[in-house]
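Open the model in your viewer and keep the sequence panel beside it. The stops below go from the whole chain to single residues.

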Amino acid sequence: MCASIRQAREELIRSERIGVVGRLAASIVHDLRNPLAAIYGGAEMLMDSRLSEPQIKRLARNMYDASRRIQQMLQDLLDLGRGGPSQRQRADLREIVSRAAETLVLKAEAQSIQVVLDIPEHLYADLDSRRIERVVANLIGNAIDAMPGGGAITVSAVREGGSAMIAVRDTGPGIPAEVRDRLFQPFATSRKGNGMGLGLALSRQAVVDHGGDMWAELAPGPGACFIFRLPLEPPG
Ligand SMILES: Nc1ncnc2c1ncn2[C@@H]1O[C@H](COP(=O)(O)OP(=O)(O)O)[C@@H](O)[C@H]1O
Ligand SMILES: [Mg+2]
């Protein structure tokens, strides 16, 4: 009897461990997929000889940025294993948002989606800028995924007290009722087979690690709006 309970317990621990490894693997795949798609898609387009010089330059730039992001994510994973601190530096939010948007412009254009950035100058914060860049890219990416038939995405920011409030708003169908209550929990997804449901959970965690917070505006009406708050450096 005792032996069989012990055996069942060991079996449970083993399967839980496998579950954790599986989830971690899924989260890595999730983050690597977007930049890999940018490299793959970029290389495919470069094989088209009718591209103009500026188009080629832009593609090469995107592929370069995407490779850099992959390298950075691999570094993050190593740091995670070592428990190392993240690299924080004084960063300009406008630059971070434009870098994040730039990586998705081609994808948006291909879907007839207009991306409008409305970020004031001089919003400085002490940040791990690559991590926050991934947060913005995740939110824009979700909005793109929600609008296969085209639309518009606006990323705006305002200073409110000692913080910046950054909003990513789209003209898509809005957040499906089935995920509304657990949006920021890992593995909450409505895109069965196409999403792991990790993007918002990891993004919110990144913002919380910077002393901020993230939520969705559940106002009636069309479109979705995600807002996050980040503590800023005092102006001046
Ligand atoms: N802009 C948006 N418009 C509509 N639904 C959204 C939007 N952003 C997120 N969602 C919903 O939240 C879910 C979770 O998003 P996320 O955590 O990024 O996981 P994934 O994109 O892998 O599904 C999505 O599956 C989708 O249902
Ligand atoms: Mg997502």
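The model is a predicted one.

**Whole chain**

Start with everything selected and coloured by secondary structure. The chain holds six helices and seven strands. Read from the N terminus, their order is α-α-β-α-α-β-β-α-β-β-α-β-β. Along the principal axes, the C-alpha atoms fill a box of roughly 70 × 50 × 40 Å.

Switch to a surface. The chain exposes about 14,000 Å², and 55% of that comes from carbon and sulfur atoms. Of its 236 residues, 35% count as buried. Among contacts with a separation of 6 or more, 70% join residues 24 or more positions apart.

Now colour by charge. There are 29 positive and 28 negative charges, and their mean positions lie 4 Å apart.

**Helix α3**

Select residues 93–102, which form helix α3. Show the side chains of Leu93, Ile96, Val97, Ala100 and Ala101; these are buried. Where do the buried residues of α3 lie when you look down its axis? They fall within an arc of 130°, so they line one face of the helix. An α-helix has 3.6 residues a turn, so residues three or four places apart point the same way.

Although Ser112 is not a glycine, its phi is positive, at about 55°. Is Ser112 buried or exposed? Ser112 has a relative accessible area of 57% and is exposed, because exposed means over 50%.

Move along to the loop between β2 and β3 (124–127), where His122 is found. His122 also is not a glycine, and has a positive phi of about 65°.

**Ser203**

For the last stop, select helix α6, residues 199–209, and show Ser203 within it. Ser203 has a relative accessible area of 2%. Ser203 therefore counts as buried, since the cut-off is under 20%. Which residues does Ser203 touch, leaving aside those up to four places away in sequence? Display Val135, Asn138 and Met214: these are the residues that Ser203 touches on that count.

Conventions: Residues numbered from 1 in each chain as written. Chains lettered and ligands numbered in written order. Predicted model: local features only at pLDDT ≥ 70, side-chain atom pairs only at ≥ 80, totals over all residues. Heavy atoms only, no water. Helix = DSSP H or I, 4+ residues; strand = E, 2+ residues; numbered from the N terminus. Buried < 20%, exposed > 50% of the residue type's maximum accessible area, 1.4 Å probe, protein only. Contact = heavy atoms within 4.5 Å. Areas by Shrake-Rupley, 256 points an atom, 1.4 Å probe, with all protein chains shown as cover. Lys, Arg positive; Asp, Glu negative; His and termini not counted. Charge placed at Lys NZ, Arg CZ, Asp CG, Glu CD. Arc of directions from axis to C-beta.
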